[in-house]
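Reader: I'm new to this one, could you walk me through it?
Author: Gladly, let us look at it together.

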Amino acid sequence: MEFGKIQNPDAVNFTLPPGSAFNARIWAAVEPTHRPIISIGGPIWANKDYVGKVYPSNAKERDFLHYYTRQFNTIELNLTHYQIPTAGMIERWKAEAAPGFTYCPKFPQIISHERQLIATEGITEEFINAVLNLEEFLGMTFLQLPPNFAPDKWPILETYLKSLPDELDVAVEFRHPDWFSKATVWQQTLERLHLLRRHVVITDVAGRRDVLHMGLSSPVLTLRFIANEGHPTDYTRTDAWIQRLKTWFEKGLQTAYLFIHGGGDNDTAPELILYWIRELNKHCGLNLREPVLQPKVVQGSLF
């Protein structure tokens, strides 16, 4: 089952919780910027539904990445969760990327899920060396912890995070409910991440509202927004996030990585990303470049 997926979004209270108490520590240490760095994109480029809508109607599959990087400026790179990229893959990704584009790789599941951060020195080094070779095209990396990685395993996580190089930006995604069920545990976790100069992932998904913790350990937001395939609540939820981001930018949020999932095969993600960008520009005084989407033609009709 897809993480947090439900059949009836209408039954969910999508109200955004207030910001975590620890956020005040973050705002007190930074000055607001009028030019926050915004990276926004989806989790996939290899989608044939994008041909004629996001990509030219004559686009070949081998060209999808080239066109994706010219429509959006980042991607949640889930491919690296299943394999460590080869040198050839890294070189191709760099060659296809438009200037300013960033890849945001997920740590391999053999590290995070199978070995749960234990005895992974060699694999970790291989992964880090690979992604650091992306150079200017490397954005946030994120470490998704497995659902059974509970707070009592913090010493393992701390040791692992300390072993990573400082030049690697890392955001941690927590999924075990016990990280969030006690406010003191979560506040302590944010403080510890802050001291380690590591970031945290916020996930907004219908079926797991606890992972929408609204906490920050740095003035950098990494948000995974999981929509429900074009359901009207996808847009009302977006509206709430735009207003929250407006507030956070005014308080001092410096950088935001926004990964917009459409749900299912992500066919509807491009339209939702376009809506996010337009609303960010309108309400937050930004000037983000909009992707150009064309209406698709099917059997002589537009839709």
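**Cores, sheet and one asparagine**

Author: In this predicted model, the largest nonpolar core has 84 residues, and those with the most contacts inside it are Tyr 103, Leu 221, Trp 241, Leu 258, Trp 276 and Leu 280.

Reader: Which helix gives the most to this core?
Author: That is helix H11, residues 269–284, which contributes seven residues to the core.

Reader: And what does Leu 221 touch?
Author: Not counting residues up to four places away in sequence, Leu 221 touches a set of residues that includes Ile 202, Leu 216, Trp 241, Trp 248 and Leu 258. Another core, of eight residues, lies apart from the largest one, and among its members are Cys 104, Ala 171, Val 220 and Phe 259.

Reader: Switching to the sheet, what order do the strands have?
Author: The sheet is open and has six strands in the order S1-S8-S7-S6-S5-S4, with parallel pairing. Strand S1 (37–41) and strand S4 (141–144) are the edge strands, each of them pairing on one side only, and the twist from one strand to the next averages 25°.

Reader: How many bridges join S5 to S6?
Author: Two bridges join strand S5, residues 170–173, to strand S6, residues 199–204, and Val 172 has Val 200 in S6 as its bridge partner.

Reader: Back to the helix: is Asn 281 buried or exposed?
Author: Asn 281, which has its place in helix H11, counts as buried because its relative accessible area is 17%, and buried means under 20%.

Reader: What is it in contact with, then?
Author: Leaving aside neighbours within four places in sequence, Asn 281 is in contact with Leu 286, Asn 287 and Leu 288. A polar atom of the Asn 281 side chain lies 3.4 Å from the backbone nitrogen of Asn 287.

Key
Residues numbered from 1 in each chain as written. Predicted model: local features only at pLDDT ≥ 70, side-chain atom pairs only at ≥ 80, totals over all residues. Heavy atoms only, no water. Core = buried A, V, L, I, M, F, W, Y, C linked by side-chain atoms within 4.5 Å. Buried < 20%, exposed > 50% of the residue type's maximum accessible area, 1.4 Å probe, protein only. Helix = DSSP H or I, 4+ residues; strand = E, 2+ residues; numbered from the N terminus. Contact = heavy atoms within 4.5 Å. Pairing = 2+ DSSP bridges. Axes fitted to C-alpha atoms, helices over the stretch in contact; angles between N-to-C directions. Polar contact = N/O pair within 3.5 Å; in protein donor to acceptor, adjacent residues only side chain to side chain.
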